[in-house]
Amino acid sequence: MLASTDNKSSSDIFSNGRIGIGVAGEYANIDTSLKIRSPVILGNISSTQQQTCKRFQLAPSLELGATIMDNYYLGFIASWRYLGASTTSITPIRGAYHFSHEFKLQSYTDAFIKFGYKPTRQALFYGLVGPSIADWSHTTQQVSVNSVAQVSKVLNTFEMRERTLGLGVGAGAEYVFKDKYAFSFDYVFHIHHSRSATRTINYIDGYNPYARKYNVRSGDLVKIVQPSYSTFAVRFTYFFSVF
């Protein structure tokens, strides 16, 4: 019995496979949610803040994928960034004392599924989704400022260092020329689970001239930090293997 001519081989379904390396110029907007929780004994230092900063960065990438049934694309793209981006906000206490909060995003790595539709052989509209791993830190310090001598002194430090797994979701467009070169534009939003940490602190809450001593408060300070960041990228990719 002859096989049906309607059955397609895998080579008919998957075509134009490719492996390439690229580099992107990215504009990153980092927006971190910070919550400070404290017991009554620590006074009114609880707060909720948004810490934001913007950064331009370069991101090398590796991509492999293939066209499916002439008009669809399925691939995998991995990329890494070093940022060293930081932002600082302040919680006043009283007088010459305040808390300084610094969030720093050191680096992150994306591993995305890239899927899309090809209206022509050269053009591709695609979506991106997958895990994003970030290395970041958050440091809170109590600072005393001598306005006359213009000197700042750190009295307490509460630091968190984390590596978190988040989710990235985005979309973009690509154009290929001479089969081996591609320009693409995409936007990706990354969101991570929050992390919390608790530390017992003793901090100075002003000077009591009647008792001739500093007011010292002691208690557990809780920090809840949730990073998120979005990027707009312009990427050039060279496909060294096209098959």
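Y203 touches L42, G43, I45, I93, F99, Q142, N156, N215, V216 and R217, leaving out residues up to four places away in sequence; touching, or contact, here means heavy atoms within 4.5 Å. Keep in mind that this is a predicted model, where local features need pLDDT of at least 70, side-chain atom pairs count only at pLDDT 80 or more, and totals for chains, interfaces and linings use all residues. Residues are numbered from 1 along each chain as its sequence is written, and side-chain values use heavy atoms, with hydrogens and water left out.

Y203 also shows up in the largest nonpolar core, which has 24 residues, as one of those with the most contacts inside it, along with I30, L105, W136 and L221. A nonpolar core is a set of buried Ala, Val, Leu, Ile, Met, Phe, Trp, Tyr and Cys residues joined through side-chain atoms within 4.5 Å, and buried means under 20% relative accessible area, with exposed over 50% and partly exposed in between (1.4 Å probe, protein chains only).

Setting aside sequence neighbours up to four places away, Q50 touches D31, T32 and S33.

Both residues make side-chain polar contacts (N or O atoms within 3.5 Å, one able to donate a hydrogen and the other to accept it; residues adjacent in sequence count only if both atoms are side-chain atoms):

| Side chain | Partner side chain | Distance |
|---|---|---|
| S47 | Q49 | 3.3 Å |
| Q50 | D31 | 2.8 Å |
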